[in-house]
Amino acid sequence: MSDLLKDRALKKEKKMGKDGRPKDSISTVSNVEDPLHHDDTRLPTENTYQLGPYKRHSVPVITEILKDVLTCYLQHETYEAEWSRQMTKTLCDVIRARVKELMIPRYKTVVIVNIGQLSGQGMQISSRCLWDATNDTFATYSFKNSSLFGLAIVYVVYFE
Amino acid sequence: MDEFQAEDETTFVVEEVSKIIKESVEATIGGNTYQHNRVNQWTTNVVEQCLSQLSKLGKPFKYIVTCVIMQKNGAGLQTANACFWDNTTDGSCAVRWENKSMYCIVTVFGLAI
């Protein structure tokens with residue numbers, strides 16, 4: 001997310017579970033609040049009478065963008081905590097800018113980038129979406145080298 | 001025909017979404033240790049349970065739910081997201097849950113239609 005947005009970690013879960021036994025898990029919640037954009041008055045918009053998008057996103061094009069960006073930025077790098085923290089944010093911004101350049105109107109974009117260290121651990125990443133399958137879609141690409149892996153996911157959602 | 005909905009009918013409310021996520025995660029993997037052959041089913045269950053609870057809220061939103069379950073062995077993981085949306089109505093919520101053997105990160109994005 002951009003520097004303007006604050007990442008706020010809310011309170012941690014209490015250590016005791018609901019039935020009085022001590023829990024062995026903890027959870028934290030974080031969400032982002034943009035202090036500049038709290039417009040409580042939403043202007044009513046005019047009807048467009050448009051039933052669907054005139055131009056859709058092409059999944060292979062977005063996959064190509066992801067492949068290009070990930071390979072270019074991560075090819076010869078090794079995993080380091082501080083560097084990869086900055087790199088995930090940079091990659092998110094770069095990918096979002098490149099998808100916006102495609103100039104497909106009335107589409108919202110969500111970009112997720114994961115960079116992790118390869119050390120023999122097991123991991124599973126999955127996602128599900130509640131949306132309109134005729135208009136909305138996603139693209140993913142994963143990259144691996146000897147010390148790290150990089151995964152990028154882009155969801156594009158039509159704004160009705 | 002104009003329909004005026006109350007403010008919290010059309011904005012993303014973080015508290016109730018985070019509650020839903022925590023309940024889904026606890027119900028699916030609370031008290032378990034990481035098992036490679038079950039983790040696929042766990043992530044699917046967490047995500048599908050979250051999604052069905054979110055759709056029961058009945059709000060005019062499209063949802064994207066992502067779940068990462070990672071075994072604890074000292075490896076590092078960074079994750080970031082960037083979104084192009086309407087800040088007044090759309091939002092996201094990330095919950096990071098851990099126990100002795102694994103981490104679970106669930107992110108929900110809500111996009112108003």
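Helix α1(B) passes α2(B) in a right-handed crossing, and in this predicted model the axes of the two helices, which span residues 14-29 and residues 39-56 of chain B, come within 9 Å and cross at roughly 145°. Elsewhere, strands of chain A and chain B join in an open sheet of four strands with antiparallel pairing, and a salt bridge links Asp90(B) with Lys108(A).

**Helix pair in chain B**

- On the side of α1(B), the contact with α2(B) is made by Val17(B), Ile20(B), Ile21(B), Ser24(B), Val25(B), Ala27(B), Thr28(B) and Ile29(B).
- The residues that α2(B) brings to this contact are Trp42(B), Asn45(B), Val46(B), Gln49(B), Cys50(B), Gln53(B) and Leu54(B).
- By residue class, the contact of α1(B) with α2(B) divides into 10 nonpolar and five polar residues, with no charged residue taking part.

- Strand β5(A) pairs with β6(A), residues 148-158, in the antiparallel sense over eight bridges, and Phe143(A) stands opposite Gly150(A) in β6(A).

**Helices of chain A on the sheet**

- Helix α1(A), residues 59-74, packs on the sheet and touches β3 (107-117), β5 and β6 of chain A, while its direction makes about 25° with that of β5(A).
- Helix α2(A), residues 81-101, lies across β3 and β6 of chain A together with β2 of chain B, and runs at about 25° to β2(B).

**Salt bridges**

- Over all chains, the count comes to 10 salt bridges.
- In the pair formed by the side chains of Asp90(B) and Lys108(A), the N to O distance is 2.8 Å.
- This pair crosses between chains, with Asp90(B) placed in the loop between β2 and β3 (91-98) of chain B and Lys108(A) placed in strand β3 of chain A.
- Side chains of opposite charge can pair when their charged atoms come close.

**Confidence in chain A**

- Chain A has a mean pLDDT of 83, and 79% of its residues reach 70 or more.
- Over residues 1-15 of chain A, pLDDT stays under 50, and for this stretch the model has 32 contacts beyond four places in sequence.

Key. Residues numbered from 1 in each chain as written. Chains lettered and ligands numbered in written order. Predicted model: local features only at pLDDT ≥ 70, side-chain atom pairs only at ≥ 80, totals over all residues. Heavy atoms only, no water. Axes fitted to C-alpha atoms, helices over the stretch in contact; angles between N-to-C directions. Left-handed = near helix turned anticlockwise from the far one by under 90°. Contact = heavy atoms within 4.5 Å. Nonpolar A, V, L, I, M, F, W, Y, C, P; charged D, E, K, R; others polar. Pairing = 2+ DSSP bridges. pLDDT = per-residue confidence, 0-100. Salt bridge = Lys/Arg side-chain N within 4 Å of Asp/Glu carboxyl O.
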